Amino acid sequence: MDQRNLRNLTVSAVGLGCMGMSEFYGVTDDAESIAVVHRALDLGCTFLDTADMYGPFTNERLLGQALAGRRHEVVLATKFGNERREDGSWVGVNGRPDYVKAACDGSLRRLGVDHIDLYYQHRVDTAVPIEETVGAMAELVTAGKVAHLGLSEAGADTIGRAEAVHPITALQSEYSLWTREVEAEILPTVRRLGIGFVAYSPLGRGMLTGAYRSPADLPEGDTRAHRFPRFGEENFDANLTLVDRVSEMAAAKGCTPGQVALAWALAQGGDVVPIPGTKRLRYLEENVAAVDVTLDADDLAWLDANIGPAQGDRYADMGTVNR
C-alpha cells in the first residue's frame with residue numbers, strides 16, 4: 001500500500017480503526033477481529049488505531065494479543081483522556097498530568113509493547129490548560145514511552161497552543177463526505193503548522209457504505225441509533241438520500257459506496273489519512289481496495305455539489321468537542 005506522512009511519521013495511506021472490535025457496534029468476536037488485524041498487516045494496512053476507553057481497556061488487550069510477534073510491522077496509535085472505569089462507567093474527560101502518565105503506563109501494559117508510536121489526547125480537558133497536558137505528554141517522549149504526540153477533536157486555538165509546547169504530529173477528527181466542518185478552520189490550521197490529519201469515521205460510521213436502509217438494520221446490541229443522532233429516526237431518511245447519491249456514483253465507477261467515500265477522503269490531500277473501522281474481513285478488504293478507486297476533478301465536483309452535510313449532530317452530546 002502507498003504510504004503517507006503525518007508530519008515526520010510515515011503510515012499506510014489507509015489505516016484501521018479498531019474500536020468496533022470491542023464495543024458500540026454490536027456483537028464482537030475476538031477471533032475474527034484478530035484475523036482482521038492479521039489480514040490488514042498482510043495487505044499493508046499497518047496504521048492501527050485504538051484507545052484505552054474502547055471496551056473499556058479490552059480493545060488494547062485484544063490488539064496486544066493480535067500483534068504478538070508482529071509489533072515491528074505496525075504503526076500503533078492509542079489515546080487517553082476519556083476516563084472510564086473497568087465496569088464501563090464514565091468518569092469524564094481527564095487531562096491532568098498525573099493521569100496522562102498513569103494512562104500511558106496502563107496502555108503500554110495492556111498492549112504489551114515498550115512504546116506507543118502515536119499517543120493522542122482523545123478529548124481536550126477544558127479544566128486543565130492544554131500546555132500542562134501536552135507538557136506531560138512531552139515527558140513521555142523524553143522517557144521513550146511515546147514516539148509522537150497527537151490531539152483528537154481539538155479546536156484551532158488549542159492546536160496552536162499545544163504545538164508551542166511540543167511538536168504535534170497528527171490531529172484526529174471526524175471527517176467524511178458529509179462531515180466537513182474541519183475544512184473551515186481546523187484543516188488550514190494543521191496545514192499551516194505542518195501537522196498531519198487523521199480522518200476517523202470516513203464512512204459516516206458505516207452509513208455511507210449503503211449497508212443500512214433503516215435504524216432497524218443495525219446489528220443487535222449496536223448503539224449507533226442512540227449515540228449518534230444521524231442514525232435516529234428523525235434524521236435517517238434525510239441522510240439516506242445522501243447515501244443514495246454516493247451509491248449512484250459507485251454504480252458508475254463499478255465500485256462500492258464505501259470505496260467512493262474513502263477515495264474522496266484520500267483525494268483531500270496527501271496529509272489526510274482515513275482510518276475506517278471494521279471487524280469483518282470482507283469489509284477490510286473492500287476498504288483497502290479503495291486506494292485503487294480514482295476520482296477525477298469532475299467526480300469530486302459532483303460529490304461536493306450533491307453530498308451536503310448530514311442531518312443531525314455527530315454526537316448526542318457535543319460538549320466534549322473542542323472548537
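This is a predicted model: local features need pLDDT of at least 70, side-chain atom pairs count only at pLDDT 80 or more; totals for chains, interfaces and linings use all residues.
Reader: What makes the radius of gyration of the protein chain agree with that of a compact globule?

Author: A compact globule of 323 residues would have a radius of gyration near 20 Å, and the protein chain has 18 Å, which agrees. The C-alpha atoms fill a box of roughly 50 × 40 × 40 Å along the principal axes, and the chain holds 11 helices and 12 strands.

Reader: Why is F57 called buried?

Author: A residue counts as buried when its relative accessible area is under 20%, and F57, at 11% relative accessibility, therefore counts as buried. F57 is placed in the loop between β4 and α2, and it has a positive phi of about 75° although it is not a glycine. The loop between β4 (47-49) and α2 (58-66) also holds P56, and the peptide bond from G55 to P56 is cis, with omega near -5°.

Reader: How do you know that S201 is buried?

Author: The cut-off is again under 20%, and S201 has a relative accessible area of 12%, so S201 is buried. S201, which is not a glycine, has a positive phi of about 50°, and its place is in the loop between β11 (196-200) and α7 (224-227).

Reader: Why is helix α9 said to be largely enclosed by the rest of the structure?

Author: In helix α9 (residues 257-266), 10 of the 10 residues are buried, so the helix is largely enclosed by the rest of the structure. Among these buried residues are P257, Q259, W264 and L266, and the buried residues of α9 pack against β1 (3-6), α8, β12 (272-274), α10 (281-289) and α11 (297-306).

Reader: Which residues of the largest nonpolar core touch the most other members?

Author: This core has 103 residues, of which L16, F47, L48, L151, L171 and F197 touch the most other members. The largest share of the core, seven residues, comes from helix α8 (residues 233-253). Leaving aside neighbours within four places in sequence, L171 is in contact with residues including L151, I159, I186, V190 and F197. As a general matter, nonpolar side chains in soluble globular proteins tend to be buried together.

Reader: What percentage of the residues in the protein chain is buried?

Author: Buried residues make up 58% of the 323 residues. The protein chain exposes about 12,600 Å², and carbon and sulfur atoms supply 49% of that area.

How values were computed: Residues are numbered from 1 along each chain as its sequence is written. Side-chain values use heavy atoms; hydrogens and water are left out. Helices (H or I, at least four residues) and strands (E, at least two) are DSSP runs, numbered from the N terminus. The radius of gyration is taken over C-alpha atoms; the globule rule is 2.2 Å times the number of residues to the power 0.38. Buried means under 20% relative accessible area, exposed over 50%, partly exposed in between (1.4 Å probe, protein chains only). Accessible areas come from the Shrake-Rupley method with a 1.4 Å probe; for residues, only the protein chains shown count as cover. A nonpolar core is a set of buried Ala, Val, Leu, Ile, Met, Phe, Trp, Tyr and Cys residues joined through side-chain atoms within 4.5 Å. Contact means heavy atoms within 4.5 Å.
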